[in-house]
Amino acid sequence: MSTAPHTTSSSPMQGQQQAIQVGVVMGSSSDWDVMRHAADILTEFGIAFEAKVVSAHRMPDDMFRYAEAAADRGLVAIIAGAGGAAHLPGMLAAKTTVPVLGVPVPSRHLQGVDSLHSIVQMPKGIPVATFAIGTAGAGNAALFAVAMLAGSNPALRAKLDAFRARQTEVARAMTNDLTMGAAEGGKA
Ligand code: RP5
């Protein structure tokens with residue numbers, strides 16, 4: 001189990017404290033093993049973010065305060081992860097127009113299909129962008145936030161392009177691995 005979510009994290013750029021741009025929130029510290037994949041991406045791209053537990057059903061007043069303050073605090077996106085009934089992303093979205101990126105966390109009994117259905121089925125009028133269940137969703141939500149910020153930040157756009165290019169090279173190299181594996185298998 002990795003360390004529990006911290007309250008703030010900032011870009012390592014020149015050691016200066018940047019204004020927080022992205023909130024990473026979750027219903028429980030038990031979600032952190034999934035949600036840290038969002039934090040890792042934001043750290044890699046030098047985005048100033050905070051990570052917090054803001055439970056919809058255990059801390060409803062705190063959750064509303066967080067959502068109500070988000071726009072004035074300058075948050076560009078809120079990545080919200082929750083499992084089970086998973087009402088956190090939708091309830092945050094109900095109280096702010098800052099885009100909410102929902103991450104369905106795998107649940108104990110239904111493996112996160114419940115979380116996915118809960119987050120994705122927002123009625124018309126209050127959108128929540130919904131990502132894949134689990135670590136892929138957490139990472140992609142962060143990459144989506146990076147893409148949003150890259151719209152007004154050419155340097156960040158270049159980093160994102162480089163990230164994609166590296167990923168392409170890794171995928172291309174996979175074919176070589178298959179061929180080498182087959183050659184080694186043939187020797188045996
Ligand atoms: C949700 O309930 C959380 O998002 C978490 O995924 C789930 C279980 O929470 P714990 O019982 O592990 O605290 O609110």
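Colleague: With which side chain does the side chain of glutamate 50 make a polar contact?

Modeller: A polar contact is a pair of N or O atoms within 3.5 Å, where, within protein, one must be able to donate a hydrogen and the other to accept it, and residues adjacent in sequence count only if both atoms are side-chain atoms. Here the partner of glutamate 50 is the side chain of tyrosine 66, at 2.5 Å, and a second polar contact, of 2.8 Å, joins glutamate 50 to the side chain of arginine 73. This is a predicted model, in which local features need pLDDT of at least 70 and side-chain atom pairs count only at pLDDT 80 or more, while totals for chains, interfaces and linings use all residues. Residues are numbered from 1 along each chain as its sequence is written, and side-chain values use heavy atoms, with hydrogens and water left out.

Colleague: Is glutamate 50 buried or exposed?

Modeller: Buried means under 20% relative accessible area, exposed over 50%, and partly exposed in between (1.4 Å probe, protein chains only). Glutamate 50 has 1% relative accessibility and therefore counts as buried.

Colleague: Which residues of helix α2 are buried, and why do they line one face?

Modeller: An α-helix has 3.6 residues a turn, so residues three or four places apart point the same way. In α2 (residues 60–70), the buried residues are Met63, Tyr66, Ala67 and Ala70; seen down the axis of α2, they fall within an arc of 95° (taken from the directions from the helix axis to the C-beta atoms), so they line one face of the helix. The face turned away from the buried side carries the exposed residues Asp61 and Arg65.

Methods: Helix = DSSP H or I, 4+ residues; strand = E, 2+ residues; numbered from the N terminus.
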